[in-house]
Amino acid sequence: MVFTIGTYSMFFGLPYASGIVGLTLVHESGHALVMRHLGIPFSPMVFMPFLGAAVTMKKTPRDAYDEALVAFGGPYLGTAGAVGVSAAAVLTDSQLLYAVADFGYMINLFNMLPIGMMDGGRICGALSPYAGLAGLGIGGGMIGADMISNPIFYLIMLGGAWTTFQRFYYPGQDLPKNYYKITGAQRSAITAGYFGLVAFLMAAMAVNGKRKKSPQVLERERNYSEVTYHH
């Protein structure tokens with residue numbers, strides 16, 4: 001974690017680097033807390049610069065519903081952390097905190113994409129194998145529109161394609177019996193939890209974005225203040 005902060009600091013400065021790594025820690029802690037609640041052993045948390053962080057399950061969950069709960073833990077606690085940073089930004093009128101909150105909303109929303117082993121992929125995969133196809137379509141559209149050009153995302157897409165293929169042609173392989181047979185109430189809870197969080201994140205990002213100033217605006221304000229001071 002310290003190494004990741006140090007690496008990001010070389011590009012973004014220590015305050016912002018500390019903020020985004022801190023929110024990443026909160027996100028991964030959400031996964032770990034749910035795993036602990038469900039009695040699923042997990043690995044130590046590992047941070048990787050420009051790749052994020054991960055805490056992995058050492059045992060397969062009881063069923064797809066429990067897997068979805070574990071996946072929900074990260075984005076929900078991560079979103080709560082971003083809301084806290086947003087509140088602090090409003091109270092202090094800190095553009096740094098607005099920027100950190102924007103990262104928090106964005107990274108949690110990104111993780112809700114229904115692709116492969118991403119949080120959204122695990123959540124929506126509990127509902128239908130066709131969710132994986134939808135996720136690949138969304139991801140492919142984002143690449144085609146030049147919204148994302150990160151090679152890591154290409155690897156995520158490849159992993160998602162393989163996971164979706166397995167779900168269709170080898171469902172339940174190496175999984176407990178009836179792994180994907182969850183109740184209607186569980187499906188409804190997953191659906192409401194997923195779309196509710198996505199809608200909230202989009203709205204929160206829009207509200208936060210109205211207060212967050214672009215680097216160009218901040219630079220102009222800084223230059224204007226310097227000119228005013230010298231006069």
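## Starting with Asn-208

Leaving aside neighbours within four places in sequence, Asn-208 is in contact with Ser-86, Tyr-98, Ala-101, Asp-102 and Tyr-105; contact here means heavy atoms within 4.5 Å. Asn-208 sits in helix α8, residues 184-211. Helices (H or I, at least four residues) and strands (E, at least two) are DSSP runs, numbered from the N terminus. Is Asn-208 buried or exposed? Asn-208 counts as buried because its relative accessibility is 4%. The cut-offs are under 20% relative accessible area for buried, over 50% for exposed, and partly exposed in between, with a 1.4 Å probe and protein chains only.

Some ground rules before going on: this is a predicted model, where local features need pLDDT of at least 70, side-chain atom pairs count only at pLDDT 80 or more, and totals for chains, interfaces and linings use all residues. Residues are numbered from 1 along each chain as its sequence is written, and side-chain values use heavy atoms, with hydrogens and water left out.

## The whole chain

The protein chain has nine helices and two strands. Reading from the N terminus, the order is α-α-β-β-α-α-α-α-α-α-α. Taken along the principal axes, the C-alpha atoms fill a box of roughly 75 × 40 × 35 Å.

Of the 231 residues in the chain, 39% are buried. The accessible surface comes to about 12900 Å², and carbon and sulfur atoms account for 66% of that; such areas come from the Shrake-Rupley method with a 1.4 Å probe, and for residues only the protein chains shown count as cover. Look at contacts between residues at least 6 apart in sequence, and 65% of them join residues at least 24 apart.

## Helix α8

Back to the helix that holds Asn-208. With 28 residues, α8 reaches 41 Å from its first C-alpha to its last, close to the 40 Å expected at 1.5 Å a residue. The expected span is 1.5 Å times one less than the number of residues in the helix. Which residues of α8 are buried? They are Gln-186, Ile-190, Gly-193, Tyr-194, Leu-197, Val-198, Leu-201, Ala-204 and Asn-208. An α-helix has 3.6 residues a turn, so residues three or four places apart point the same way. The cover over the buried residues of α8 includes α3, α4 (95-111) and α5.

Gly-193 is one of those buried residues, with a relative accessible area of 13%. Not counting residues up to four places away in sequence, Gly-193 touches Phe-72 and Tyr-76. Gly-193 and Leu-127 are 66 residues apart along the chain, and their C-alpha atoms are separated by 12 Å. Ser-188 is also found in α8, but this residue counts as partly exposed, at 47% relative accessibility. From Ser-188 to Gly-22 there are 166 residues in sequence and 32 Å in space, C-alpha to C-alpha.

## Helix α2 and what follows

Helix α2 (residues 14-38) has 25 residues and spans 36 Å from first C-alpha to last, close to the 36 Å expected at 1.5 Å a residue. His-37 is part of α2 and is exposed, with a relative accessible area of 68%. The C-alpha atoms of His-37 and Gly-116 are separated by 24 Å, and the two residues are 79 apart along the chain. After α2 comes Gly-39, whose phi is positive, near 75 degrees.

## Two loop residues with positive phi

Asp-93 isn't a glycine, yet it has a positive phi of about 55 degrees. Asp-93 lies in the loop between α3 and α4 and is exposed, with a relative accessible area of 59%.

Asn-178 isn't a glycine either, and its phi is positive too, at about 60 degrees. Asn-178 is found in the loop between α7 and α8, where it is partly exposed, with a relative accessible area of 43%.

## The second largest pocket

How much space lies in the second largest pocket? About 600 Å³. On a 1 Å grid over the protein atoms alone, a cavity is a set of points where a 1.4 Å probe fits but cannot get out, while a pocket is an open set with protein on both sides within 12 Å along at least five of seven lines; lining residues have an atom within 4 Å of a point. Grid points are joined across faces, edges and corners, and the volume is the space filled by probe spheres set on the points.

The lining has 29 residues, and Glu-67, Met-117, Thr-163, Leu-175 and Tyr-180 lie nearest the centre of the pocket. Elements giving two or more residues to this lining are α3 (64-92), α5 (119-125), α6 (130-144) and α7 (151-169). Helix α7 gives the most, with four residues. By type, the lining divides into 13 nonpolar, eleven polar and five charged residues. Ala, Val, Leu, Ile, Met, Phe, Trp, Tyr, Cys and Pro count as nonpolar, Asp, Glu, Lys and Arg as charged, and the others, Gly among them, as polar.
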